[in-house]
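Biologist: I have the sequence and the coordinates open. Can we take some of the charged residues in turn, with cut-offs given as we go?

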Amino acid sequence: MTGCRGTKVQAVIWSNRSLECERAESLLCSVDEDVRVFYLDEDFTQRQFNAEFGEDAEYPQVQVGVDHRGTLKETLHYLKNVERIK
């Protein structure tokens, strides 16, 4: 597990170490989130990921605070809606 320390609500990323996952981490760090990253085959298994998010879920999956936000695209929409990014 890695991530960056910010001053905002904690964000969690479930990652398979893809470029999209790296982008999600960079995005959340850039808006000063306290980010924790959990890695496939290190912190969780594919079976656990599927059980939590469904068989069709894509990486990364992002949670901000207590709310699941979904993919990177869904997280971007959320951050725009709450005016954390333009």
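**Charges, contacts and backbone**

Biologist: What is the relative accessibility of Asp67?

Modeller: Asp67 counts as partly exposed, a class that lies between buried (under 20% relative accessible area) and exposed (over 50%), with a 1.4 Å probe and protein chains only. This is a predicted model, in which local features need pLDDT of at least 70 and side-chain atom pairs count only at pLDDT 80 or more, while totals for chains, interfaces and linings use all residues. Residues are numbered from 1 along each chain as its sequence is written, and side-chain values use heavy atoms, with hydrogens and water left out. For Asp67 the relative accessibility is 37%.

Biologist: Which residue forms a salt bridge with Asp67?

Modeller: A salt bridge here is a side-chain nitrogen of Lys or Arg within 4 Å of a carboxyl oxygen of Asp or Glu. For Asp67 the closest N and O atoms of the pair are 3.2 Å apart.

Biologist: How many salt bridges does the rule give?

Modeller: Side chains of opposite charge can pair when their charged atoms come close. One of the pairs is Glu42 with Arg17, at 2.7 Å from N to O. By this rule the count comes to five.

Biologist: How many residues apart in sequence are the parts tied together by Glu42 and Arg17?

Modeller: Helices (H or I, at least four residues) and strands (E, at least two) are DSSP runs, numbered from the N terminus. The side chains of Glu42 and Arg17 meet in a salt bridge. Glu42 lies in the loop between β3 and α2 and Arg17 in the loop between β2 (10–15) and α1 (19–30), so the parts that the pair ties together are apart in sequence by 25 residues.

Biologist: And how far apart in sequence are the parts joined by Glu33 and Arg84?

Modeller: The side chains of Glu33 and Arg84 meet in a salt bridge at 2.8 Å, N to O. Glu33 lies in the loop between α1 and β3 and Arg84 in the segment after α3 (72–81), so the pair ties together parts separated in sequence by 51 residues.

Biologist: Within that pair, is Glu33 buried or exposed, and at what relative accessible area?

Modeller: Arg84 is partly exposed, with a relative accessible area of 27%. Glu33, its salt-bridge partner, is buried, with a relative accessible area of 1%.

Biologist: With which side chain does the side chain of Asp34 make a polar contact?

Modeller: Asp34 is in strand β3 (residues 34–39) and is buried, at 12% relative accessible area. A polar contact is a pair of N or O atoms within 3.5 Å; within protein, one must be able to donate a hydrogen and the other to accept it, and residues adjacent in sequence count only if both atoms are side-chain atoms. At 2.7 Å, the contact of the Asp34 side chain is with that of Arg36.

Biologist: Which residues gather in the patch of negative charge on the surface?

Modeller: Patches are made of residues with over 30% relative accessible area and no salt bridge, like charges being joined within 9 Å and nonpolar side chains (Val, Leu, Ile, Met, Phe, Trp, Tyr) within 5 Å. Glu55 is exposed at 64%, and Glu58, in the loop between α2 and β4, is exposed at 52%. The patch of negative charge consists of Glu55, Asp56, Glu58 and Glu74.

Biologist: How far apart in space are Glu58 and Trp14?

Modeller: In sequence, Glu58 and Trp14 are 44 residues apart. In space, C-alpha to C-alpha, they are apart by 9.9 Å.

Biologist: What is the omega of the peptide bond from Tyr59 to Pro60?

Modeller: Most residues other than glycine have a negative phi, and most peptide bonds are trans. Pro60 is in the loop between α2 and β4. The bond from Tyr59 to Pro60 is cis, with omega near -10°.

Biologist: What is the phi of Glu83?

Modeller: Glu83 is found in the segment after α3 and counts as exposed, at 72% relative accessibility. Arg17 has a positive phi of about 70° although it is not a glycine. Glu83, also not a glycine, has a positive phi of about 60°.

How values were computed. Areas by Shrake-Rupley, 256 points an atom, 1.4 Å probe, with all protein chains shown as cover. Lys, Arg positive; Asp, Glu negative; His and termini not counted. Charge placed at Lys NZ, Arg CZ, Asp CG, Glu CD.
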